[in-house]
Amino acid sequence: MSKRRIKKVAIIGSGIMGSGIACHFANIGVDVLLLDIVPRELNEKEKYKGLTLEDKVVRNRLVNDALATSLKSKPSPIYHPKFANRITTGNLEDDIAKVAEVDWIMEVVVERLDIKQQVFESLEKYRTPGTLITSNTSGIPIKFMSKGRSEDFQKHFCGTHFFNPARYLKLFEIIPGPKTDPSVLEFLNGYGEQFLGKTSVVAKDTPAFIGNRIGIFSIMSLFHTVKDMGLTIEEIDKLSGPVIGRPKSATFRTVDVVGLDTLVHVANGIAENCKDDERLALFKLPDFINTMMENKWLGSKTGQGFYKKTVSDEGKKEILSLDLNTLEYRSAQKAKFATLELTKTIDKVVDRFKVLVSGKDKAGEFYRKSFAALFAYVSNRIPEITDELYKIDDAMKAGFGWEHGPFQIWDAIGVEKGIEIIKAEGLTPAAWVNDMLAAGSKSFYSVKEGATYAYDIPKKTQEKIPGQDAFIILDNIRQSNEVFKNSGVVIEDLGDGILNCEFQSKMNTIGGDVLAGLNKAIDLAEKEYQGLIVANQGPNFSVGANIGMIFMMAVEQEYEELNAAIKYFQDTMMRMRYSSIPTISAPHGMSLGGACELSMHADKVVAAAETYIGLVEFGVGVIPGGAGSKEMALRASDTFRKGDVELNILQEYFLTIGMAKVATSAYEAFDMGVLQKGKDIVVINKDRQIATAKAHAKLMAEAGYTQPIKRNDVKVLGKQALGMFLVGTDSMEAANYISEHDHKIANKLAYVMAGGDLSEPTLVSEQYLLDLEREAFLSLCTERKTLERIQHMLKTGKPLRN
């Protein structure tokens, strides 16, 4: 990548997309100038205050209101509230000259070519030559936008298309203009991946680029299939959701969230500009979509779309579904298919596809029809929208949240089987697919020496996909580098003396086999290696301890076994801290309860920015029992400083557990005391996480890692703290803020974090606190209310307040 540095960016346009992009640049530490137009008239509030159109607060009203709305939205566009201070707002009349000071100008105004051209004309007057200038258009041809601009402008101009919401969706499409310098594309490709944490995809300047061209085709195809096959919207959402590795919102719920008008706008754009598309007829809107548009049933933004939330006179909430035949709302109907029942025991999504397309019922027919249409369509889009098949898969995974791209699904079914179902539907795959089989390549992808290769159409061979050297892909090395395996973990040799312990249990829960695997990994690392990482590349790091196992032991009143199981968990966490090799935890996604405890006991945490971590045990009626309560007391003790009110500090750590706080990003976890400044780090791109963790483990080992000495100097405050906590919990229950059982749990936690009822502040060992913690945990497991909470969590996945 070139030595260009991005220290400051200007975002022109502060709508949902513009403010979201501004927030994401602020997330990664960039100084942001966010500009929008000046209002043409005063609002009622401004008139009441006697303001004029010349007042700065009025002139910046649009941009300030838009940013404020964005910052209040859920999920948040910003990693940490303080990061919003990196954004300076202004307007396009008073502040446009400031674009001369930035390294990158990005236009994010309304999707109208004439307005975009006017904006670029104004910007060029102030832009410093050599400054990057890009458009976030979702479909207007790039070649038209830079028409009439200077040579330097056109050389540094291209499309940079973020997907909404910019923080969460990983696709970053880069679309060259006719005169874009190749070094600009190379820079943006690398910057998007390394700094913005995106999957960068260089696309051709064709309508809707890659992601939306394929994504909208897929949705439009389902719109027609739902009618042709007589399926309901619930059935389509059941068939096109998590069972095939797609988001829970599946098809129709996704359209409701995005807005039907947005989808129709893109679909119409493709229909108008892709007259040679062999599936052009599919982009014609079905009658039910036209009716919904006329009725303004656009989804969440208008209160109803394919689904509608209602509240009865008795206050009962219900989500109604739209009947596409009558276009009337009705109660939801449960969707059930025999083919889906066959996949319930298949944990890996990629292994389900063969079963799904072989189904003998309506579900099987649906999958054959929809995959046939998808496979034929994507094969025929090469070389129109891209020359490389893997870019289509990358775009769909990063932009639409698909676990597998179309060509990966085709590989899972089998290329020849895919051609068979395409032909059965009267469709034709692109000629290059048959050429590939004739050339001896039986799949679109292959793995060699830990790297992914994809079929290169012009060369007719499998070529290594560029840009993956910065990543470690566990799927590619699991078999060849396996050192140990049980039902809970796989231990892999990452090279350079570093092992990785990868959880393999359902939802990566931590049970007996996982704990045994962790201990085995530490044993191996101490004997033959230099360091250990605990990492995986599942959707979530881990949802915590196996509460089902705890529930069964408690119900059967096997308290000795339960005590031994909890002690084993505690001892394993302590081994993570007190082994003779450096240990690193690499959490991402949900990292709850026991997973949080594990991370807190590693020598270092290399967290993905999108890590939602916390000690959530209160929700199931217990306290953290895997050394988490002990650790929070220890961290509070380490934070005590001369002159501080120690009780206040301890109370903050107590509340973090008592309120079951979960960080909404890794950066928030520092505020909670779960991650520690100066020790733990955050990685923006999750794909780089394991490679980064390995580099740190290697560095720690080479620097001369010494096994830590067990702590005997944890300051606990005894009765002084315990009294404060008990008064507080009594007051909370008396005011009906907490239930009787919450009160009981809080008092148990108070006893542990105070160090018991010691008569004065005392220095104690970690083991002393662990024993208190385990005793409190076990006593709560004997409570009927705790068992009710655990049972409710196991059934519904949601906490119960009883």
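This is a predicted model: local features need pLDDT of at least 70, side-chain atom pairs count only at pLDDT 80 or more; totals for chains, interfaces and linings use all residues.
Before I start, one definition: Ala, Val, Leu, Ile, Met, Phe, Trp, Tyr, Cys and Pro count as nonpolar, Asp, Glu, Lys and Arg as charged, and the others, Gly among them, as polar. With that in hand, the lining of the largest cavity has seven nonpolar, four polar and one charged residues.

Rolling a probe the size of a water molecule over the atoms shows where empty space is left. The count here comes to one cavity of 30 Å³ or more, and the volume of the largest cavity is about 120 Å³. Which residues line the largest cavity? They are Phe217, Ser218, Ser221, Leu222, Ser240, Ile244, Arg246, Phe366, Tyr367, Ser370, Phe371 and Leu374. At least two residues of that lining come from each of helix H9, 211-228, and helix H16, 362-380. H16 gives the largest share, five residues.

While we are at H9, look at the loop that leads from strand E8, 199-202, to H9; Ala208 lies in it. Phi of Ala208 is near 70°, which is a positive value in a residue other than glycine.

Now the second largest pocket. Its volume is about 960 Å³. Several elements each supply at least two lining residues: helices H23 (547-555), H24 (559-577), H25 (594-601) and H33 (784-796), and strand E20 (589-592). The largest share, four residues, is from H23.

Two of those helices, H23 and H24, also pack against each other, at an angle of about 150° and with axes 8 Å apart. Why do we call H23 and H24 roughly antiparallel? Angles over 145 degrees count as roughly antiparallel, so H23 and H24 fall in that class. Their crossing is left-handed. On the H23 side the contact is made by Ile550, Met553 and Ala554, and on the H24 side by Tyr559, Glu561, Leu562 and Ala565. Those residues divide into six nonpolar, no polar and one charged.

The other pair is H27, residues 646-658, with H30, residues 719-734; here the angle is about 55° and the axes are 11 Å apart. H27 and H30 are therefore oblique to each other. The crossing of H27 and H30 is right-handed. H27 makes the contact through Leu647, Leu650, Gln651 and Phe654, and H30 through Gln720, Ala721, Met724 and Phe725. In this contact there are six nonpolar, two polar and no charged residues.

Last, the cis peptide bonds. Lys74 and Pro75 are joined by one, with omega about -5°. Where is Pro75? You will find Pro75 in the loop between helix H4, 61-72, and strand E3, 87-91. The peptide bond from Asn164 to Pro165 is cis as well, and its omega is near 0°. Pro165 sits in the loop between strand E6, 157-162, and strand E7, 171-176.

Methods: Residues are numbered from 1 along each chain as its sequence is written. Side-chain values use heavy atoms; hydrogens and water are left out. Axes are lines fitted to C-alpha atoms, for helices over the stretch in contact, and angles run from 0 to 180 degrees between N-to-C directions. Angles under 35 degrees count as roughly parallel, over 145 as roughly antiparallel, 65 to 115 as roughly perpendicular and the rest as oblique. A crossing is left-handed if the near helix is turned anticlockwise from the far one by less than a right angle, and right-handed if clockwise. Contact means heavy atoms within 4.5 Å. On a 1 Å grid over the protein atoms alone, a cavity is a set of points where a 1.4 Å probe fits but cannot get out, and a pocket is an open set with protein on both sides within 12 Å along at least five of seven lines; lining residues have an atom within 4 Å of a point. Grid points are joined across faces, edges and corners, and a volume is the space filled by probe spheres set on the points.
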